[in-house]
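Subject: Structure for your review

Dear colleague,

Please find the structure below, handed over for your own work. My notes on it follow.

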Amino acid sequence: MFLSMIKFFRGFLLVRLSGYSPERFLNLCSNHNILIWDLKNQDGCYEFHISIAGYRRLKPLLKKTKTRVTIRNRVGFPFFLYRYRKRKLYFAGIFLGVGFLMYLTTFVWLIDINGNSLITDDAILAFLEEKNASFGSKKSGIDCDALEEALRTDYEDVIWASVRLSGAKMTIDIQENLIAKKEMEENTKRLDGAYHIVADKDATVTSIITRKGTPLVKAGSEVKEGDILVSSQLDIYNDSNEIVNYVFVPSDADIYGQTTYTYQDSFPMQYNHKVRVGEGKSSYSLSLFSYQLKFPSAFQKDASFISYTESRQLALAKDYYIPVILEKTTYYACGYEKVTLTKEEAKKKAGQNISQFLQKLEEKGIEITDKNVMIEFAGNQCKVYGVITAVEKIGRYEPAEPKKISTDERLTEDESD
């Protein structure tokens, strides 16, 4: 492609060769390093492309071989300029258009956001709008370092941010804290007060590692929702191994338990499925800045239809985008066909559904250890029941009410001595 562009800007000719000895002429061109290309035999004559400089060197070769060439077409930028040399406004319009496009590349027309999960794209775009660094902002007025600092300051979940400009494109890469914000707030609270760890669901404890507090359960213990797993209370003993006071601390422990989940699903064995009918008809729209121009479509939307939309933002080169978006919408007439699932197909669909359910559990850090699934067919329905056994982190933090050992308890202990 690069070579074709060079040929176009230098200009070249399409010529027809005729005469006594055209083959000898072609051999002489090769011996004199005169480049010709796209050689074709047309009605007993030869046609080929040749550069302007090469054409000027042909005269002695034509005389020697008793052949002649006829120019069939002139191609390239020099001939274009010569053809329209008197149309000054035409060339002025070209230069103004190119200048306007180059001016557009000094703004930001595409924002690519990567690495965000807790913070939505809309939230980041609203943040950029407040900082005057959104779509259509002048690149010279954007301070990437200041934006990175503002992202880390304004969003507690962002621990690293990178903002860079390339052409008319702004790329934002962020990294969020893996610890959930809610958990961080709970950790902060526990530093300032006394908290128990209580069971947040029914489970059988599989392991417990206590760092602070008094564990009230051990591996193998069955607990109910709301049971205290690790107490905030620490007993203070004297030399006689008697409790003389209590100290309450923020409990800290890793507790894992075996839990169960009930799974239920059902879907029909027969249903109507929407399908495309016939060939699609397309309509186009062009968006420039905030304006949209829609071209008419031959498709009639009276009946049911299916549509697919593709959009593409135009660019002068890599990363040099302009605020022009081309959309193509293809419409298809649709009909309905009756689908009847076999038992094997229904089992396969049920398996796909439960796999998606298990995947969502695993994304939350839940380890699946066993699953027991039963499929029933009743009339037009496929019903799925299942019990899933898993191991996960259990426990939530609840405030403890600190207390002191009472005077009566102290007297009772003294009298017993």
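A salt bridge is taken here as a side-chain nitrogen of Lys or Arg within 4 Å of a carboxyl oxygen of Asp or Glu. Please bear in mind throughout that this is a predicted model.

**Salt bridges**

By that criterion, Arg-211 and Asp-252 form a salt bridge, with their closest N and O atoms 3.2 Å apart. Arg-211 belongs to strand β9 (residues 203-212) and Asp-252 to strand β15 (residues 252-268), so this pair ties together parts that are 41 residues apart in sequence. Both partners count as partly exposed: the relative accessible area is 46% for Arg-211 and 24% for Asp-252.

A salt bridge also joins the side chains of Asp-254 and Lys-393, at 3.3 Å from N to O. Because Asp-254 lies in strand β15 and Lys-393 in strand β21 (residues 381-393), parts 139 residues apart in sequence are tied together by this pair. Lys-393 is partly exposed, with a relative accessible area of 45%. Arg-211, Asp-252, Asp-254 and Lys-393 are linked in a network of salt bridges.

Over the whole structure, the search finds nine salt bridges. One of them is formed by Arg-72 and Glu-47, whose closest N and O atoms are 2.7 Å apart. Here the residues lie in strands β4 and β3 respectively, so the pair ties together parts that are 25 residues apart in sequence. Arg-72 is partly exposed at 45% relative accessibility, whereas Glu-47 is buried, with a relative accessible area of 13%.

**The four-stranded sheet**

Strands β3 and β4 bring us to an open sheet of four strands, in the order β2-β3-β1-β4 and with antiparallel pairing. Its edge strands are β2 (36-42) and β4 (67-75), each of which pairs on one side only. On average, and ignoring direction, neighbouring strands of this sheet are turned by 25° against each other.

Five bridges join β2 to β3 (residues 45-51), and the two strands run antiparallel. Within β3, Ile-50 stands opposite Ile-36. Helix α2 (residues 22-31) lies across β1 (12-19), β2, β3 and β4, and runs at about 140° to β1.

Strand β1 contains Ser-18, which counts as buried at 15% relative accessibility because the threshold for buried is under 20%. Leaving aside neighbours within four places in sequence, Ser-18 is in contact with Cys-45, Thr-67 and Arg-68.

**The largest nonpolar core**

The largest nonpolar core has 20 residues, of which Leu-128, Leu-147, Leu-151, Met-170 and Ile-172 touch the most other members. At least two residues of this core come from each of β5 (110-114), α7 (121-130), α8 (144-154), β6 (158-166) and β7 (169-176). Helix α8 gives the most, with four residues.

What is Ile-172 in contact with, leaving aside its neighbours within four places in sequence? The contacts of Ile-172 are Ile-111, Asp-112, Ile-113, Asn-114, Ile-124, Leu-128, Leu-151, Ser-162 and Val-163.

With kind regards

Conventions: Residues numbered from 1 in each chain as written. Predicted model: local features only at pLDDT ≥ 70, side-chain atom pairs only at ≥ 80, totals over all residues. Heavy atoms only, no water. Pairing = 2+ DSSP bridges. Axes fitted to C-alpha atoms, helices over the stretch in contact; angles between N-to-C directions. Contact = heavy atoms within 4.5 Å. Core = buried A, V, L, I, M, F, W, Y, C linked by side-chain atoms within 4.5 Å. Buried < 20%, exposed > 50% of the residue type's maximum accessible area, 1.4 Å probe, protein only.
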